[in-house]
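Me: I would like to learn how to read packing features from a set of coordinates. Please take one feature at a time, with the general idea before the case.

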Amino acid sequence: MAVFGVLAAALGVVGLVVPDALLTVMGFEPVPEGGRADGDHTLVFLTASSMAALNMGVYYVLAALADWKPFFRWTVPFRLLTCAVFTLAVVTGRAPAGFLGVGLWEGLGAVVTGAALRYEKRGAGKTRAPSRP
């Protein structure tokens, strides 16, 4: 959770500071300076998304520091939903193929988080043998 949080926050900062770099990472071709048409609100949307990623990253880091298991569980279905929506965006042509990486990142994160929670739950149910002095 902490690793995901740090990465999300870092990408949020990149999107705020160097939006074209973030567009390139996601598979979009940046538009040259002054090349945007009137009414093109790509940078506004990218600013809002980047700020949300920064905030979300901080939430994840704080939840990890607090070992807040309910938060971890809540993220699994929503990250799977994000994976499905982003993947569908690529499949239907709404987003470039490079954007598939974002969806797969979310899906992989959900699966790893779910598996870790399940592993911990199984381990917590086992009792340890008392130690000898």
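Me: Where does T75 lie, and is T75 buried or exposed?

Reply: Helices are DSSP runs of H or I with at least four residues, and strands are runs of E with at least two, numbered from the N terminus. T75 lies in helix α4. Buried means under 20% relative accessible area, exposed over 50%, and partly exposed in between, with a 1.4 Å probe and protein chains only. T75 has a relative accessible area of 5%, so T75 is buried. This is a predicted model, in which local features need pLDDT of at least 70 and side-chain atom pairs count only at pLDDT 80 or more, while totals for chains, interfaces and linings use all residues. Residues are numbered from 1 along each chain as its sequence is written, and side-chain values use heavy atoms, with hydrogens and water left out.

Me: How do α3 and α4 pack?

Reply: Axes are lines fitted to C-alpha atoms, for helices over the stretch in contact, and angles run from 0 to 180 degrees between N-to-C directions. Here the axes of α3 and α4 are 10 Å apart, at an angle of about 140 degrees. Angles under 35 degrees count as roughly parallel, over 145 as roughly antiparallel, 65 to 115 as roughly perpendicular and the rest as oblique. That is why α3 is oblique to α4. On the α3 side the contact is made by Y59, Y60, A63 and A64, and on the α4 side by F71, F72, T75 and R79. Six residues of this contact are nonpolar, one is polar and one is charged; nonpolar covers Ala, Val, Leu, Ile, Met, Phe, Trp, Tyr, Cys and Pro, charged covers Asp, Glu, Lys and Arg, and the others, Gly among them, are polar.

Me: Which residues make up the largest nonpolar core?

Reply: In soluble globular proteins, nonpolar side chains tend to be buried together. A nonpolar core is a set of buried Ala, Val, Leu, Ile, Met, Phe, Trp, Tyr and Cys residues joined through side-chain atoms within 4.5 Å. The largest one here has nine residues: F4, A8, Y60, A63, F71, F72, V76, A110 and L117. Two or more residues each come from α1 (2-17), α3 (42-66), α4 (69-91) and α5 (100-125). The largest share, three residues, is from α4. Apart from this core lies another, of eight residues, including L22, L23, M26 and F99.

Me: How many aromatic pairs does a search of the whole structure find?

Reply: A pair of aromatic rings is described by the distance of the centres and the angle of the planes. Rings of Phe, Tyr and Trp (its six-membered ring) pair if their centres lie within 6.5 Å; planes under 30 degrees apart count as stacked, over 60 as edge-to-face and the rest as tilted. The search finds seven pairs. F4 and W105 have ring centres 5.9 Å apart and planes at 25 degrees, so they are stacked. This pair links helix α1 (F4) to helix α5 (W105), 101 residues apart. F4 is buried at 8% relative accessible area, whereas W105 is partly exposed at 37%. Y60 and F71 are edge-to-face, because their centres are 5.1 Å apart and their planes at 80 degrees. Both Y60 and F71 are buried.

Definitions and conventions: Contact means heavy atoms within 4.5 Å.
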